[in-house]
Amino acid sequence: MVFLSAQLWLRNRITDRYWRVQEVLKHARHFRGRKNRCYRLAVRAVTRAFVQCTRARRLKKRNLRTLWISRVTAASQEHGLKYPAFILNLIKCQVELNRKVLADLAIYEPKTFKSLAALAKRRRQEGFAAALGDGKEPEGIFSRVAQHL
Amino acid sequence: MAAAAAAFALPVTFGRLVSACSRSVLRASGPREASLWSASRRFSSQSASFPQGYVPKTSLSSPPWPEVVVPDPVEEARHHAEVVEKVNELIARGRYGRLFAVVHFASHQWKVTSEDLILIENKLDVACGERIRLEKVLLVGADDFTLLGRPLLGKDLVQVEATVIEKTESWPKINMRFKKRKNYKRKRIIVSPQTVLRINTIKIAPCLC
């Protein structure tokens, strides 16, 4: 005798539905409204949150750089220089400080920032003298480029 | 050429102006009239004493940008030598308080003092508790002086020592991509290794030249 209808009563049932739901709800506990309790709403909110988190990690780098640039602009304006002139002349003097460190120096080490601004101003004037003087005068002191191997 | 022409045109116009002045003044008083005439004679006799290439100030006589004055190189060199000597003296006598340094490490620049903690987002092949020397120093400063490197300072000038305190992993960061209505959802958890360094000391040696 072959019992053919017995195996039709076998079904795959989930036993850990509670834990699967909690995995999602635990990320939604601090949300506002029903999306911190109801799974259906929480799934959508949590997905959006994760996607925005990934996007923000890429935007954070851009925003922080903009912030540093505006801080360095403000500090260099206090010393009578514009940001592009400041950065360009620092690079021409082979001082390779990045914007994060320049912003920190502007906040916490004002004397150092003042000396950097003075250096940039002097290099700028030497650049002007070299451009306008048509090579008759000797090279500027701060325009000398240190050669490294 | 323009300057020469202007110089030649000057005394003529001056003379004309002065004579117009004396005619318009209604010969009010004797001494004033005499002073006016003597003034005009003084001015007209000084026409030859204008310096060569003198251009009277107009809106186009000089370029619109401010004139660039670079200080005298000999005096500058003397001033620089003085400053270097003073800084050398301060360093030799140890007249500085807390030193700060800007260090390039693990593709980031850090502004660092002693007793600072630094979190680095990668693994270093160094055991915990070992001392490390951070070599790429861009800037060292104290309260009264700063030493700027172009771009780096020499290894014999500055020494920055650090210790590896702990080597952990970061918190699980979630990377999720989702497109609505397209049944596209990808989730990835990233746990990246981290190292914590404690900066022990920053030392400078007086060998500036």
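On a 1 Å grid over the protein atoms alone, a pocket is an open set of points where a 1.4 Å probe fits, with protein on both sides within 12 Å along at least five of seven lines, and its lining residues have an atom within 4 Å of a point. This is a predicted model, in which local features need pLDDT of at least 70 and side-chain atom pairs count only at pLDDT 80 or more, while totals for chains, interfaces and linings use all residues. Residues are numbered from 1 along each chain as its sequence is written, chains are lettered from A in the order in which they are written, and side-chain values use heavy atoms, with hydrogens and water left out.

**Pockets**

In the class counts, Ala, Val, Leu, Ile, Met, Phe, Trp, Tyr, Cys and Pro are nonpolar, Asp, Glu, Lys and Arg are charged, and the others, Gly among them, are polar.

| Pocket | Volume | Lining by class |
|---|---|---|
| Largest pocket | about 1600 Å³ | 22 nonpolar, eight polar and nine charged residues |
| Second largest pocket | about 700 Å³ | six nonpolar, five polar and eight charged residues |

The largest pocket is lined by 39 residues, and the closest to its centre are Phe142(A), Val84(B), Thr146(B), Leu147(B) and Leu148(B). Helices (H or I, at least four residues) and strands (E, at least two) are DSSP runs, numbered from the N terminus. At least two lining residues of the largest pocket come from each of helix H5 (110–133) of chain A, helix H3 (73–93) of chain B and strand S6 (146–148) of chain B, and H3(B) supplies the largest share, nine residues.

Around the second largest pocket there are 19 lining residues, and those nearest its centre are Lys60(A), Lys61(A), Leu64(A), Trp68(A) and His108(B). Here H2(A) gives the most to the lining, with six residues.

**Contact between the chains**

With contact taken as heavy atoms within 4.5 Å, 34 residues of chain A and 29 residues of chain B take part. Chain A and chain B bury about 2700 Å² between them, 63% of it on carbon and sulfur atoms, where buried area is the accessible area (1.4 Å probe) that two parts lose on being put together, summed over both. Within chain A, the residues that lose the most area to chain B are Phe50(A), Arg57(A) and Ile141(A), together 16% of what that side buries.

Three salt bridges are found across this interface, a salt bridge being a side-chain nitrogen of Lys or Arg within 4 Å of a carboxyl oxygen of Asp or Glu. Lys111(A) and Asp143(B) form a salt bridge in which the closest N and O atoms are 3.1 Å apart. On the side of chain A that touches chain B, H2, H4 and H5 of chain A each give two or more residues, and H5(A) provides the largest share, eleven residues.

**Local features of chain B**

Over all chains the structure holds ten salt bridges, and Glu115(B) meets Arg98(B) in a salt bridge at 3.5 Å, N to O. Glu115(B) lies in the loop between S2 and S3 and Arg98(B) in the loop between H3 and strand S1 (100–105) of chain B, so the pair ties together parts that are 17 residues apart in sequence.

Most residues other than glycine have a negative phi, and most peptide bonds are trans. Ala106(B), which is not a glycine, has a positive phi of about 55° and is found in the loop between S1 and S2 of chain B. Arg150(B) and Pro151(B) are joined by a cis peptide bond with an omega of about -15°, and Pro151(B) is placed in the loop between S6 and strand S7 (158–169) of chain B.

Note on methods
Points joined across faces, edges and corners; volume = space filled by probe spheres on them.
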